Amino acid sequence: MTTTGTATREPRGEPTGSGFESLAEREKAVRELVARTCLTMDAYDFAGYLDLCHPDFRYTITTYSPELRKDITWLDHDFAGMETLLEVLPLHASDHFLRLVMSRHLGVYTVAYSENDTRAAVVSGLQVFNTARDGGVTELLAVAKYHDVVALEGGEAKLLVREVRLDTRMLGETGSLIPF
Amino acid sequence: MSRNATEWRRRPTLAPTHYVDPRIYTDRALFEEEREKIFKKVWSVVCHESEAPNAGDYRRCRHMSGKELLVVRGVDMKIRAFYNHCSHRGNLLAMEPSGNARRITCMFHQWSYDTRGNCVAITRQKEGYQDRVSRKDMGLREVRTEVGLGGFVWVNVDDGCGPLEEFVGDSLDYLKEELSAKPLEIISYHKAVVNSNYKLWYDTNSELYHDFLHHHNRKIALIQPGYWDRRVHVHDHGHVSVDSMECRYDAYEGNDGRQRRLGWPGGEVACHKLIDLFPTMTFILRAPAFRLDTMVPLAPDKVAIEFRGFAVKGDSAEDRAARVRDHNSIWGPFGRNLPEDEIAIVGQMMAMKGGDDSAYVLHGREEPSIQNEIGMRHYYGEWSKWMERGASDPFGNRAIAAAE
């Protein structure tokens with residue numbers, strides 16, 4: 001992987017195996033994909049979120065526990081598991097259906113492309129906020145990083161891997177039924 | 001028909017054992033009294049032995065009395081608990097949640113203690129104190145500690161307390177096989193500080209009427225054969241246990257059928273056993289995962305709940321992964337079940353604040369099934385003994401009688 005902040009600094013010339021016309025298009029597709037995963041989930045548009053995911057999608061939420069001095073995986077799903085989870089969510093009682101609105105704020109830190117140009121490893125900073133429906137006060141729910149792998153195939157970007165690496169381990173009063 | 005103010009505050013047409021005054025959840029003076037009369041007097045679990053597996057391992061814990069504790073496995077492999085409190089100027093000794101040290105040294109003035117709680121170093125002792133202060137008088141405050149009944153670390157800060165076995169009685173017998181067949185090992189930990197009263201969490205854990213709340217529980221249990229045949233059993237000292245059933249995990253859309261075929265040593269596959277221990281603990285085995293809730297009440301309207309998940313020591317990698325996935329997908333902070341319970345008790349406290357104008361809280365279901373609320377009634381019977389007050393009229397001043 002080579003890391004680049006902008007497409008114009010890409011050292012290898014035109015994209016090769018990804019099917020994109022230009023480096024700028026490829027970079028735009030990667031960054032927009034990551035942003036759209038947040039926008040769709042913020043809008044509770046679970047079908048729209050899944051449309052952004054690759055059929056081989058893998059999703060995990062992990063953290064390091066200083067109490068146990070080891071990593072913990074709090075959620076772990078493939079595409080089918082994620083699809084089922086999101087389908088069944090509206091049948092559950094969630095603070096984010098009742099009292100709170102969740103919003104994700106994202107900043108892409110690094111994008112690194114594979115040698116054959118079909119994968120991008122993206123690291124982003126994430127803050128998740130709760131806004132109360134009653135009165136509209138906003139509170140920080142979690143700080144995390146997305147460690148994503150984006151598949152670049154046929155001129156299209158799809159989310160292949162997402163690890164939500166949490167810094168925050170105490171997630172409000174009630175945790176979250178809705179994944180970040 | 002809606003009620004006016006008088007009707008709203010009128011006692012229910014139930015026996016006084018079948019409802020409680022809402023002020024037991026909101027009154028600050030009662031809360032402070034609970035701390036003195038109950039939290040500082042009874043046994044509770046503060047962690048598990050697997051959280052400090054090696055000599056010198058320590059775990060910082062908070063006792064339900066509010067006191068900071070330091071659980072340490074000594075070089076002799078014995079687990080002891082101390083106040084996490086330097087004998088010199090009262091600073092917190094261990095700041096990290098866990099670690100390993102042969103000597104525990106206060107960061108402030110570098111006084112040091114060994115793993116038995118002996119003070120082993122006072123910086124510039126001779127120059128500062130001459131012979132007026134001796135290290136042998138400056139040891140840590142050790143508290144009554146027992147490790148057992150599944151490898152849990154039980155603590156009582158009352159030196160004059162009775163034995164743990166007497167407090168637990170036969171309440172854990174129902175899980176004896178599962179807790180002793182193989183050693184347990186912690187696999188998950190998280191904490192939530194919830195704006196609610198600790199007893200509301202305990203109530204939720206002990207009344208299964210709220211299974212209606214959970215889509216997951218409705219599918220795997222409530223609508224399945226055997227659910228209504230279960231009974232709630234009461235034990236000495238306010239403890240409660242609930243009969244098991246075979247959960248139909250495949251009925252829930254989000255379950256992984258493979259992991260649910262995994263059982264628990266000494267227990268049935270897909271069993272669901274629940275034991276509530278007065279005043280702040282709940283043990284739940286829903287094979288293949290085991291959960292323990294412990295609480296540190298912080299204020300009448302604030303409680304820290306610690307959630308621990310357990311697997312079996314010596315699991316294969318595949319079984320361990322299944323238990324972790326199962327536990328966290330249902331009971332983790334992103335789980336299908338736990339956040340729903342938390343939302344409910346937050347809502348209760350939001351409604352009850354200003355508790356002297358809240359309605360009585362009913363604990364009156366007597367149906368011969370798992371949804372009998374005898375568990376809560378038993379709890380408040382024990383609570384009343386410790387508090388020397390009735391839970392339905394703790395101040396003896398809520399005089400509006402039941403309607404004739």
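Across the interface of domain 1 and domain 2 of chain B, three residue pairs are in polar contact, both residues of each pair being at pLDDT 80 or more; a polar contact is a pair of N or O atoms within 3.5 Å, where within protein one atom must be able to donate a hydrogen and the other to accept it, and where residues adjacent in sequence count only if both atoms are side-chain atoms. The elements that give two or more residues to the side of domain 1 of chain B that touches domain 2 of chain B are strand E2 (44–48), E3 and strand E11 (152–156) of chain B, helices (H or I, at least four residues) and strands (E, at least two) being DSSP runs numbered from the N terminus. Of these, E2(B) gives the most to that side of domain 1, with five residues. The model is a predicted one, in which local features need pLDDT of at least 70 and side-chain atom pairs count only at pLDDT 80 or more, whereas totals for chains, interfaces and linings use all residues. Residues are numbered from 1 along each chain as its sequence is written, chains are lettered from A in the order in which they are written, and side-chain values use heavy atoms, with hydrogens and water left out.

Chain B is divided into domain 1 (44–160) and domain 2 (183–387), with bounds that come from an automatic or database domain assignment. The C-alpha centres of the two domains lie 32 Å apart, and their contact (heavy atoms within 4.5 Å) takes 14 residues from domain 1 and 18 residues from domain 2 of chain B. The area buried between the two domains, that is, the accessible area (1.4 Å probe) that two parts lose on being put together, summed over both, is about 1,200 Å², of which carbon and sulfur atoms give 68%. One salt bridge, defined as a side-chain nitrogen of Lys or Arg within 4 Å of a carboxyl oxygen of Asp or Glu, is found across this interface. In a salt bridge of chain B, the side chains of B:Arg308 and B:Glu51 meet at 2.7 Å, N to O.

A nonpolar core is a set of buried Ala, Val, Leu, Ile, Met, Phe, Trp, Tyr and Cys residues joined through side-chain atoms within 4.5 Å, and buried means under 20% relative accessible area, with exposed over 50% and partly exposed in between (1.4 Å probe, protein chains only). The largest such core has 102 residues, among which A:Phe180, B:Trp154 and B:Phe283 touch the most other members. Domain 1 and domain 2 of chain B both give residues to this core, so it lies between them. Leaving out residues up to four places away in sequence, B:Phe283 touches, among others, B:Val45, B:Phe152, B:Trp154, B:Leu172 and B:Phe290. A second, separate core of 20 residues includes A:Val88, B:Val240, B:Cys247 and B:Ala289.

Between the chains, chain B and chain A bury about 3,000 Å², 59% of it on carbon and sulfur atoms, and the contact takes 39 residues from chain B and 36 residues from chain A. B:Phe334, B:Arg336 and B:Ile343 supply 25% of the area that chain B buries against chain A, more than any other three residues. Two salt bridges are found across the interface of the chains, and the side chains of A:Asp76 and B:Arg325 meet in a salt bridge at 3.5 Å, N to O. The polar contacts between chain B and chain A comprise 15 residue pairs, both residues being at pLDDT 80 or more. Elements that give two or more residues to the side of chain B that touches chain A include strand E12 (184–194), helix H7 (215–222) and helix H8 (317–331) of chain B, and E12(B) gives the most, with nine residues. H7(B) is mostly covered, six of its eight residues being buried, and what covers these buried residues includes helix H3 (79–88) of chain A together with strand E16 (281–286), H8 and H9 of chain B.

Two histidines of chain B were also examined. B:His235, in the loop between strand E13 (232–234) and strand E14 (240–242) of chain B, is buried, with a relative accessible area of 12%, and, residues up to four places away in sequence not being counted, B:His235 touches B:Asp170, B:Ser171, B:Val240, B:Ser241 and B:His378. B:His272, in strand E15 (residues 272–277) of chain B, is likewise buried, with a relative accessible area of 7%.
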